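Hi there,

Here is the structure I said I would pass on. Please have a look at it first, and then read my notes below.

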Amino acid sequence: MTSATPPVPGGPDPAGPGSAPPDSAGSGATLTPGFHGRARPEGVILPPGQYAEEGFPVLSAGPTPNVNTATWTFTVTNESGIAKSWTWADLMALPQDEATVDIHCVTRWSKFGTRWRGVSLDVLLADVDSTADFAMVGSYGGYTTNLPVADLLGGKAWIAHTFDGAPLHPEHGGPARLLVPHLYFWKSAKWVRSLTLMPTDRPGFWEKLGYHDLGDPWREQRYQGD
Amino acid sequence: MTDATGARLGERYAVRSGWQVATLVERRIESPSAATLVLDVPGWPGHQAGQHLDVRLTAPDGYTAERSYSVASGPTLGTGPTLGTGPDEPSTGRVEITVQRVRDGEVSPYLVDAFPLGAAIEVRGPIGGWFVWDAARDAGTPVFLLAGGSGLVPVMSMVRARRLAGDRTPFRLIYSVRTAEDQLYPDELEAHAVRGDGFEASTIFTRAVSLKALRGPRRLTASELATWGWPPELEPRVYVCGPTGFVEAVSRMLVAQGHDPARVRTERFGPAAG
């Protein structure tokens, strides 16, 4: 590896901040001189720090699990330990919603107008006896994520099995994933298998690793403390 | 919303709030499409190998763009007491990121080609506690690294961490890259490997061969993975980083060969990088 410093287009900026950067961020004039960015997006409103993406990037912490709909179940357990399960056939027999929503990934891409089909959590949680304010959602493969129950009810969350008219691809969480589009997309657990209600909040997989318990993209809640 | 015990694990991985200003002190060309940026980050608290940092770029009209980049440097590289000083004590630190230019990208061409030496950029981090290797915590368990393209960057941080710690944990790396000229850190990888202290690297080319190529240009095969990696019986820690297609193909092969999915940690660079 070479350690020589090659010529830099533009060269050092003589009027730049040099060796005395300000203590606090925000003095935009001194930062990243010569950066102009893309044409500003029109007709859409991006949450802070996000950019519009046409593709559908994949992010997961481990291998994609093989989940067979013949053995798939989704189980809701309340704070008393009472469980209620649905098979794939049960899920398909429930009222289905079509949802066209914008999604926002904490890795900064946002995708507008994604089309999903699935079952509203309002339907699945309707008869569950619970006063819990939080839920831990679990996945095939071991992933977990915590959410307030309030963010799962009121037409804001689904167990989604169809994307853009086709069965949800395993890379994107198929056969079924949680879909909570108003929160950063790591909350929309892929390969979803369980939802456990809990009176007090506990962190899930990424939340234990420093990511935010709620994850509202409009308030840019990426990390704990944001 | 803290855990009732008050002892939440998340605090160990807490991301420092707010942005801080870093200065570009050196740029090294790594390949025709990649450069390493050496950033001086006052008060950098240190990082684990494999973590990333966020950068924020600001245009004259106030428009900002944020991206995440893996840290390339090993955890103790610095100009001052970068580690162990605690969050309350100021320290200075050098942090390196290696940026691959994405065609038509908004940020990467600027960082690789135009961001001037001595200029400032906002950074935040380190971030991430999953795709990490820590010599003090993880030494002794064999490590199997699989990197595709610029997925080598966080993996290289692990190789450097091992070297900086004087650690002899058996490491095997398979690095898949399009052509010889696209390779990142080829001389350093070779220098690590010839030391004979338990680090082995196999580099394969998917598009065009070089004179030193192990075989013809094609993607990594299952038998190559089995030959150049660790068998599942050794229960290695496995790290896979690269574009989604690479990570999917490799992790499928790993699981098919008997590696426990729970020991396979992945990090993907989506097509949206840039």
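Let me start with a definition: the expected span of a helix is 1.5 Å times one less than its number of residues. Helices (H or I, at least four residues) and strands (E, at least two) are DSSP runs, numbered from the N terminus. Keep in mind that this is a predicted model, in which local features need pLDDT of at least 70 and side-chain atom pairs count only at pLDDT 80 or more, while totals for chains, interfaces and linings use all residues. Residues are numbered from 1 along each chain as its sequence is written, chains are lettered from A and ligands numbered from 1 in the order in which they are written, and side-chain values use heavy atoms, with hydrogens and water left out.

First, chain B as a whole. Chain B has six helices and eleven strands. Of its 274 residues, 59% count as buried (buried means under 20% relative accessible area, exposed over 50%, partly exposed in between, with a 1.4 Å probe and protein chains only). Among contacts (heavy atoms within 4.5 Å) in chain B between residues at least 6 apart in sequence, 73% join residues at least 24 apart.

Now to helix α3(B). With 13 residues, α3(B) reaches 18 Å from its first C-alpha to its last, close to the 18 Å expected at 1.5 Å a residue. Eleven of the 13 residues are buried, so α3(B) is largely enclosed by the rest of the structure. Among the buried ones are L152(B), P154(B), M158(B) and R160(B). After the helix comes G166(B), which has a positive phi, near 65°.

R160(B) also takes part in a salt bridge (a side-chain nitrogen of Lys or Arg within 4 Å of a carboxyl oxygen of Asp or Glu). Its partner is E188(B), and the closest N and O atoms are 2.6 Å apart. R160(B) lies in α3 and E188(B) in helix α4 (residues 186-194) of chain B, so the pair ties together parts that are 28 residues apart in sequence. Both R160(B) and E188(B) are buried.

The strands are worth a look too. Strand β3 (residues 52-58) of chain B has seven of its seven residues buried. On one side these are H52(B), D54(B), R56(B) and T58(B), and on the other L53(B), V55(B) and L57(B). β3(B) pairs with β4(B) in the antiparallel sense over seven bridges (two strands pair if DSSP finds at least two bridges between them). Within that pairing, D54(B) has S68(B) as its bridge partner. The two strands form a hairpin with five residues between them, and G62(B) in the turn has a positive phi of about 95°. β3(B) is also joined to strand β6 (residues 120-127) of chain B by four bridges, again antiparallel, with V55(B) opposite V123(B).

Which residue of chain B does R222(A) meet in a salt bridge? It is E66(B), at 3.6 Å from N to O. R222(A) lies in the segment after α3 (205-208) of chain A and E66(B) in strand β4 (residues 64-70) of chain B, so the pair joins two chains. R222(A) and E66(B) are both buried. They belong to a network of salt bridges that links R108(A), E220(A), R222(A), D54(B) and E66(B). Over all chains, the count comes to 29 salt bridges.

Happy browsing!
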